[in-house]
Amino acid sequence: YNDKFKAKRNPETILYQTVNNYKAHPIVVGKSTSVYDAIVQLFLEDVGTLYAVDSVGNLAGVISRKDLLRASLGNQNLTELPVSVIMTRMPNIITISPEESLFEAAKKMIQNHIDSLPVVREADGQENTYLLVGRITKTTITRAYLEIMDEKSD
Ligand code: ADP
């Protein structure tokens, strides 16, 4: 709360706010969920990206709109096809930690040509095992940009 107040007084610092202050809830599916059900979930939750988690809730994959469109081409049975077959999986997922800045998040999304980042905490001691705690999207960055411009026009 205090951090946000300071940001309002110094617009440039908004981009140096931590991801933790701006993250949204991640929408998750189990990795054995069908592509068909994932598409339904995408519409119901009104998001562009779903995250797949394993049986203990660790991040297992990213499922984007294009991943679902690609899987829908051809005549596969989408109710039988699990998302684990089509998702981008660990260790190829670009992640961000809650302590990193919005500026870092923006850079990672642009450099890797992706629309969102899962916000994760390292699960103790296990390499490439992450607990999913949120998501940052290009919309998050656009919202921060608006905050900056609102402040400048006051
Ligand atoms: P869309 O497919 O809707 O354009 P993206 O540009 O985010 O959405 O996704 C493009 C590709 O990058 C997809 O194959 C997706 O699985 C993958 N992808 C998305 N986010 C990440 C991420 N954080 N780390 C690694 N790959 C990702």
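Mentor: The answer starts with the basis of the model, goes to the helix and its core, and then turns to the neighbouring parts.

The model is predicted, so local features are given only at pLDDT of at least 70 and side-chain atom pairs only at pLDDT 80 or more, while totals for chains, interfaces and linings use all residues. Residues are numbered from 1 along each chain as its sequence is written, and side-chain values use heavy atoms, with hydrogens and water left out.

The protein has 5 helices and 6 strands, where helices (H or I, at least four residues) and strands (E, at least two) are DSSP runs numbered from the N terminus. Their order along the sequence is α-β-α-β-β-α-β-α-β-β-α. The C-alpha trace spans about 55 × 35 × 25 Å along its principal axes. Of the 154 residues, 40% count as buried; buried means under 20% relative accessible area, exposed over 50%, and partly exposed in between, with a 1.4 Å probe and protein chains only.

The helix in question is α2, residues 35-45, and its buried residues are Val 35, Ala 38 and Leu 42. These lie on the same side of α2 because they cover an arc of only 55° around the axis, the arc being that of the directions from the helix axis to the C-beta atoms. An α-helix has 3.6 residues a turn, so residues three or four places apart point the same way. On the other side of α2, Phe 43 and Leu 44 are exposed. After the helix comes Asp 46, with a positive phi near 55°.

The buried residues of α2 pack against β2 (49-53) and α3 (65-72). Contact here means heavy atoms within 4.5 Å. Leaving out residues up to four places away in sequence, Val 35 touches Leu 68, Ala 71, Leu 78, Leu 81, Pro 82, Val 83 and Ile 86.

Val 35 also belongs to the largest nonpolar core, of 17 residues, in which Val 35, Leu 50, Ile 63, Leu 68 and Ile 86 touch the most other members. A nonpolar core is a set of buried Ala, Val, Leu, Ile, Met, Phe, Trp, Tyr and Cys residues joined through side-chain atoms within 4.5 Å.

On a 1 Å grid over the protein atoms alone, a pocket is an open set of points where a 1.4 Å probe fits, with protein on both sides within 12 Å along at least five of seven lines; lining residues have an atom within 4 Å of a point. The volume of the largest pocket is about 630 Å³, taken as the space filled by probe spheres set on the points, which are joined across faces, edges and corners. Of its 25 lining residues, Thr 49, Ser 64, Ile 114, Asp 115 and Ser 116 lie nearest its centre. β2, β3 (59-64), α3, β5 (116-122), β6 and α5 (138-153) each supply at least two lining residues.

Two of the residues nearest the pocket centre, Asp 115 and Ser 116, are also touched by Thr 137, as is Met 109, not counting residues up to four places away in sequence. Thr 137 is in strand β6 (residues 130-137) and counts as buried at 16% relative accessibility. The C-alpha atoms of Thr 137 and Lys 23 are separated by 8.5 Å, although the two are 114 residues apart along the chain.
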